[in-house]
Each structure stands twice: as C-alpha cells, then as structure tokens.
Amino acid sequence: MIRPLTQDLARRIYGAHDVAVGSARHVLSHTFDVCVIGSGCGGAVAASTLAAGGRDVVLLERGPFRPPKDYTFQALGMATRLGHLELTRGHRTALLQGNVLGGSSIIYGAVAMRPPAYVLDEWQRTTGLEDLSAAALEPHYDEVGTALSVTRQSTALENRPNAIVRQMAHALGRPEGLHVVQRYTAGCAGVGLCNFGCAVDRKGTMLNSFLPLGLETGRLTVLTEANVHGLEGERRSGVYRASAARVTCRSADTGADVTRCTVKARAFVSAAGAFFTSALLLKSDELPHRDRIGAKIYLQPHAQVLALFDQPVTARGEIVEGRYLPFNGVPAIYNFLGFLPDRQFWWLASILFPANLAASVSHLPVEEHAAIMRRYHYTSSVTITTRDNPRRSRVIIDRGHARLDFHESRRDTEILRDSLVHAAKGFLSVGAQRVFMPSLAPPQITTVQDVDAFARRPLAYDGVLLYSDHTSGGTQMGKDSREGVTDGSGRLFDTSNVYVADSSLFPSSCGANPSWTIMALSHRLACRLASSIV
Ligand SMILES: Cc1cc2nc3c(=O)[nH]c(=O)nc-3n(C[C@H](O)[C@H](O)[C@H](O)COP(=O)(O)OP(=O)(O)OC[C@H]3O[C@@H](n4cnc5c(N)ncnc54)[C@H](O)[C@@H]3O)c2cc1C
C-alpha cells in the first residue's frame, strides 16, 4: 500500500552538497553489495528488493530529491523541475523522462497496464526464454501491484472526457475494446496534473512505495544529484567484471558542488531508462558487445488529437483548503484497446493543459488562435500510442554526448496515419465541431470528407508533433549472445556482474503502458540477484 516517505527515512537520502562537505563520505569509501543506477520504476524496485533480501545497496540518481510538498499546480514550472527532455537526432521526436528521485514515476499518468498476451507470446517465441510467460511473471506483477495500490477505477468517476472516449468506442463499432483502467492509486483526487507531480500525494510513485520500503530496511543508501558516466572494470579470460561507477555530483538548483568520484560495488544494475542505460554502457570502456548495445530502440510514440465541442468538456478548478486545485479532465477511466490487436494502436483521455491546445492550433492566424484558446474548456483530447517497429534506430556517442538516431519504418507511418484518422472520425461522430490533428500544417477538419483528404496526404514522423515516454530496447534479452545483449535475468552476456533492470530489456514494443512490466521484470531480477551475489 502506498505510504508517505517520512522525514526520518529521508535522512538516508544524500545529495551533491553532502558529498562536497564530506557528510556522505561513507558512500564513497564503502564497497556495496550492489550499486543501482537510476531511481525510477526499474531502479527503485531493484534497490528496495535487494535491500529487503539482505543486501547492502547504494542507489545513484542523476536528479535531485523533490518531495511532493514542494510540488505546485503550475504545470510548466513543474515540468522543468521534474522532467528531462531529449530529442532524437535531427530534432524529430521528443523523448520525455523524469529527472528526479523516483524517475518517471513522479510524472507518469499512473495507468497500470500489462502487455497483451500475444506480445508476451511473441517475446517468448523470439527470445526462446520460457520465463517471459505471463504465468512466470504473475507473482512479480502481484508484488508490485500491492506495493503501489493498483486499483481498478470506478466508472462512477466518469467525467466528460472519459464519456467522450466511451462514446467514440461505440461510434467506431468497437465497444468491446473499452477497458476500465487500473491505476497506481486507491484514492485519486482527480486533480488532473499527474504529469507535473501529484501535489496531493495520492498517486503511487517510487517515493511513496518502493523507496520507503527499501529505506526502512536500513540497508539502502540513496545518493541523488549523482550522474553516472560509465563503469570501470576489466576483462579476464573473456569475462568482464565491473568494480566502480564513475560519478559527477552537482547541485541541481545551484549548479555548484561539482565533485568527481567513484562508487564501488560487487554488482551493478543499470536502470537509467532505455536510451540512458545504453548511453552509459556505451561509455564504459572494455564492456563486451558494445557494437550491439543501443541498437534497435523502440519509441512506442504518442500523438494527441484534440477536438472542439459546443459545450464545455472540462470544469474550471476550485479552491480547496486555501489551495487552487485545477480539475482538467482526468483521471483516465478507460483505455480504448479496440484497435490494438489488428491495427497496433490504442488511446485514452488525455491529461489536458493549455499548452497542448496552443501547440495544436499554433498554425492558425493569431485571432483565430486566441479565440480557440479562450474556449479551452470546450476541448477534449485523446492520447494515441502506437506499437512501433522502426526501420533503424541506434544510440550513438557523438563527441561524448549520447544521441538517438531514429528512423521509423513505412509500417510505423501507416499505423500512425490510421490512428489519427480513426481518432478524428471518432470525435466527429460524437459531435465535435472541429478536430485538430497533431501535424505541423494540418488542414481544417470539420467533416469526415476532410479526414479522408487528410488520410491521402503524405505523412512522416518529421511532420507530426510526436513524443515518446515509452522508450524501450537497447539491451534486449535473449537466449544467448547472438540473439540478445542480456540473458533472462538481465545480466549482460560475458560479464559476471553487470545487469540491466529497465525497459532496455524489452525484446520489442510492449503494446501497453510499460511501467508495470518494467517493475515486474526488475523485481524478478532483484529476487534472483539477492541470493546469488558472490
Ligand atoms: C509523462 C509520462 C507519463 C507516463 N505515463 C505512464 C503511465 O500512465 N503508465 C505507465 O505504465 N507508464 C507511463 N509512463 C512511462 C513510465 O513512467 C516509464 O516507462 C517508466 O517510469 C520507466 O522506468 P525506468 O526505471 O526504465 O526509467 P525512469 O523511471 O525514467 O527512471 C530512470 C532514472 O534514471 C535516472 N538517470 C538517467 N541517467 C542517469 C545517469 N547517467 N546517472 C544516474 N541516474 C540517471 C533518471 O534521472 C531517472 O530518474 C509515463 C512516462 C512519462 C514521462
């Protein structure tokens, strides 16, 4: 069950300043059983589970510790304080990630979803790993679900944006595709700003679940503002063994306190998120198979389609106990999966805020733009997610900086087009006056004929407002080093003590919101590792 992180437990969380003044000296002098890199869904679960299994663990996190009491309801301010944005090479698609203690869990929408059975079957078939089956992962999904209060939402909470998603499912002839979502909360307050930190602390995150569980054991030490640049180690008889993580500590608020140091351990678990895990492994000299690390990254990208109605869709916020609570139209109650099995996309009601609308109507003349912005509460939006399979994608290190070189396949573009067209037709069929496509130069869409004309136009990722927060791949699991980069336990092939515990392990796009699967895999890895480190 989710529980607040008490001040007492928070005393074991150190930052760059503690390193600079010497109060975190023991972190740098000690040799830990395990060093976990990254404190999001993968890292926090691994660190806490290893500590609960009797191991002496240090967790290194690049971002600072920001407790929920410091979150405001100012969407844009919080986005830069809590998140990190990276662009694929050539500035084509935005990659979003949390950049604080708790990682992306601090800004996720808290939708708890498992991959469809056919994806797990595909993973098992392509990797040859029996323990990737739904049955083998079940106990780990359960453990994680309990710690995070996974709860199926009640349809009694249905608000107007969710009612629109439900009506669209019927209008598109796929009512059976409507699923009531499970979320990491037993009591959502419906504020609607999950992506900017839950200031009422009702959303299950790593800060109110696994991190307190780990800290309570007394065997977990957390060092924030600690950016890991790579591992140090050596190869003997063809097997690599890591001995230390290379770290730069810098205060996130002042930029001061820059210290370079190493943190020593007997085993290392990278959970910096797909992309950053590949980046830091590629920067680790001597590590085997570096020609294959970072190859084939999946984005599972999102696009938002907005629609303008002639009645208000969302309500204005209200003052509760002296604080303004914006009610913007979430939580998402339904996940619409009607087109997932055959067309590889799905959607749910978007977390709305004015900048979404401003971006979608930015091509319009100023006066029209302003007129639509004044009708913000008359708009609704769905967030589409597509299951991609890129033509080519690879993390490359360019003058010390990691970049993602990403090229979608023709099939990816067709899935994206199909998803936009269906969403637009769905909106029009439930009474939208006008639909805004997330492309850079969209036509005016008020009729089905306009949508059909849009469907005939050329489309590429370049011309669409796309973003990814479901990035995966880069160190895919496989039966042997010809098939994968990591084995079924997440250990890098031909290393004795380097593991991965994030979505880098996924053999392909998971066809679901990924956090629950990341945590289940990480939990399994940590249970095994706790009893096997020598
Ligand atoms: C806005 C948003 C909404 C989302 N909504 C949902 C949702 O509703 N449901 C769902 O299932 N998923 C959702 N996701 C996706 C989900 O949050 C991620 O898939 C998941 O958190 C990834 O876990 P992770 O441990 O791999 O990485 P993260 O949670 O991103 O954690 C990685 C951590 O590593 C740190 N790090 C990176 N590099 C280094 C380094 N070199 N040294 C030290 N630390 C480093 C980062 O700062 C970060 O804290 C959402 C994500 C975002 C961004």
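**Figure 1. Pro312 and its contacts in the predicted model.** Pro312 touches His377 and Tyr378, leaving out residues up to four places away in sequence; two residues are in contact if their C-beta atoms, placed from the backbone, lie within 7 Å. The model is predicted: local features need pLDDT of at least 70, side-chain atom pairs count only at pLDDT 80 or more, and totals for chains, interfaces and linings use all residues. Residue numbers start from 1 along each chain as its sequence is written. Pro312 sits in the loop between β15 (302–308) and β16 (318–320). Helices (H or I, at least four residues) and strands (E, at least two) are DSSP runs, numbered from the N terminus. Pro312 has 13 C-beta neighbours inside 10 Å and therefore counts as partly exposed. A residue is buried if 20 or more other C-beta atoms lie within 10 Å of its own, exposed if 12 or fewer, and partly exposed in between.

**Figure 2. The largest nonpolar core, with Leu60.** This core has 114 residues, and those with the most contacts inside it are Cys35 and Leu60. A nonpolar core is a set of buried Ala, Val, Leu, Ile, Met, Phe, Trp, Tyr and Cys residues joined through C-beta atoms within 7 Å. Helix α16 (residues 515–530) gives the largest share of the core, 8 residues. Because domain 1 (7–80 + 97–145 + 201–295 + 475–530) and domain 2 (150–184 + 302–387 + 409–459) both give residues to this core, it lies between them; the domain bounds come from an automatic or database domain assignment. Another core, of 43 residues, lies apart from the largest one and includes Leu308, Leu340, Leu348 and Val435.

**Figure 3. Helices α14 and α15.** The axes of α14 (residues 410–429) and α15 (residues 448–456) come within 10 Å and cross at roughly 175 degrees. Axes are lines fitted to C-alpha atoms, for helices over the stretch in contact, and angles run from 0 to 180 degrees between N-to-C directions. The two helices, α14 and α15, are therefore roughly antiparallel, a term for angles over 145 degrees. On α14 the contact is made by Arg417, Val421, Ala424, Lys425 and Leu428, and on α15 by Val448, Val451, Phe454 and Ala455.

Methods:
Parallel < 35°, antiparallel > 145°, perpendicular 65-115°, else oblique.
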